[in-house]
Amino acid sequence: MRHTLEETLHNTGIMVIDGAMSTALEALGCNLADSLWSAKILAEAPEKIKQVHSDYFKAGADCGITASYQATIPGFMAKGVTREEAEGFIRRAVELFKEARSEWWEEGRESGRTYPLCLGSVGPYGAYLADGSEYRGHYEITRDELEAFHRPRVEILWDAGADLILFETCPSLEEAKVEAGIAEDMGIPYWISFSCQDGGHTCEGTPIEECMKEFEQRDKYPNLQMVGVNCTHPQYITELIRRMKSITSLPVAVYPNSGEIYDPVTKTWHGDFVSGRYEQWAREWMEAGASAVGGCCRTVAKHIEEVSHAREKFLNR
């Protein structure tokens, strides 16, 4: 039986999203210096992916994002595996989540918690390119080619048992429309999360209001459950929430980066996580109207604990 976003939002008031898969895997000793990034751990050390999911449940996450962001059939096949093996790795991302969820639910969950949603992660085409294009967009690819790229992974994740398909870190409105078209054709629930360059524009430069106007067409996108922003600096999130909510009637989800700054030349992060700061941000985003809050790059279980604390204080204010 699949669980629904509507049910989870009702049970939680505000849904706590999990944090970064990659950062948590690196903390467990995984080397992600590869074009497959965290997806390579599906083959090398799947038990560590289960551990990350479990740690986020313990930190307070009401949902979790599968380790399939950069898990694509062409990406795996470029490493010398067969198509069948590549499909199996993508399927494994959902299976690992469900195993971790079942074990946590049966063995150690706290009373009053809700059964976590499985979000089948579909990263943008730019993630497959492994050159930072998910923060730029403007791909040299046709709509038909984009659909052919995305559809197989969506079908595998859904057939494997994901509760919802999450199209995340999308820099491009046009790519988001292609992704939405696939989900609508399949008749399955999904949410779209954009990556943004500032407080008002996607990474490709489209005003966020234009994106919201497109997806507010409920007759065209009846299976769209949520919209949002991820992999964006925290300082832009409050303004983005306000701009989105001025247009859309859908719930808005945000899971930005930790606040550290990424240097694309050295491929390193700079700055420090300050205890308590993410909790303050999370409370601000909830006050601005976010229905779900979590973390993306460089966030770990500590950040999600802070989001959970912020939710408790916000709902009991």
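Predicted model: local features only at pLDDT ≥ 70, side-chain atom pairs only at ≥ 80, totals over all residues.

The secondary structure of the protein chain comes to 13 helices and 10 strands. The radius of gyration is 18 Å, close to the 20 Å that the globule rule gives for 317 residues, so the chain is as compact as a globular protein of that length. If you draw a box along the principal axes, the C-alpha atoms fill roughly 55 × 45 × 45 Å.

How much of the chain is buried? Of its 317 residues, 58% count as buried. When we take the contacts between residues at least 6 apart in sequence, 76% of them join residues that are at least 24 apart.

Now let us go inside. The largest nonpolar core has 80 residues, and the members that touch the most other members are Ile-165, Phe-194 and Trp-285. Helix H6, which covers residues 83–107, gives this core its largest share, with 9 residues. Apart from that core lies another one, of 18 residues, which includes Ile-65, Leu-117, Met-226 and Ala-253. Coming back to Ile-165, and setting aside residues up to four places away in sequence, its contacts include Gly-120, Val-122, Val-154, Ile-188 and Trp-191.

Next, I would like you to find Cys-231, in the loop between strand E6 (224–230) and helix H11 (237–245). Is Cys-231 buried or exposed? Its relative accessibility is 5%, and because the cut-off for buried is under 20%, Cys-231 counts as buried. Leaving aside its neighbours within four places in sequence, Cys-231 is in contact with several residues, among them Tyr-135, Thr-169, Ser-195, Cys-296 and Cys-297. Cys-231 and Cys-297 are 66 residues apart in sequence, yet their C-alpha atoms are 6.3 Å apart in space.

Please look also at Ser-308, which lies in helix H13, residues 301–315. At 18% relative accessibility, Ser-308 counts as buried, because the value falls under 20%. Not counting residues up to four places away in sequence, Ser-308 touches Val-16, Ala-59 and Gly-60.

My last stop concerns backbone angles. Most residues other than glycine have a negative phi. Ala-130, in the loop between helix H7 (125–129) and helix H8 (143–160), has a positive phi, near 55 degrees. In the loop between H7 and H8 you will also find His-138, which has a positive phi of about 55 degrees although it is not a glycine. What is the relative accessible area of His-138? For His-138 the value is 57%, and this residue is exposed, whereas Ala-130, at 39% relative accessibility, counts as partly exposed.

That brings me to the end, and I would be glad to take your questions.

Terms used:
Residues numbered from 1 in each chain as written. Heavy atoms only, no water. Helix = DSSP H or I, 4+ residues; strand = E, 2+ residues; numbered from the N terminus. Buried < 20%, exposed > 50% of the residue type's maximum accessible area, 1.4 Å probe, protein only. Contact = heavy atoms within 4.5 Å. Core = buried A, V, L, I, M, F, W, Y, C linked by side-chain atoms within 4.5 Å. Rg over C-alpha atoms; globule rule 2.2 N^0.38 Å.
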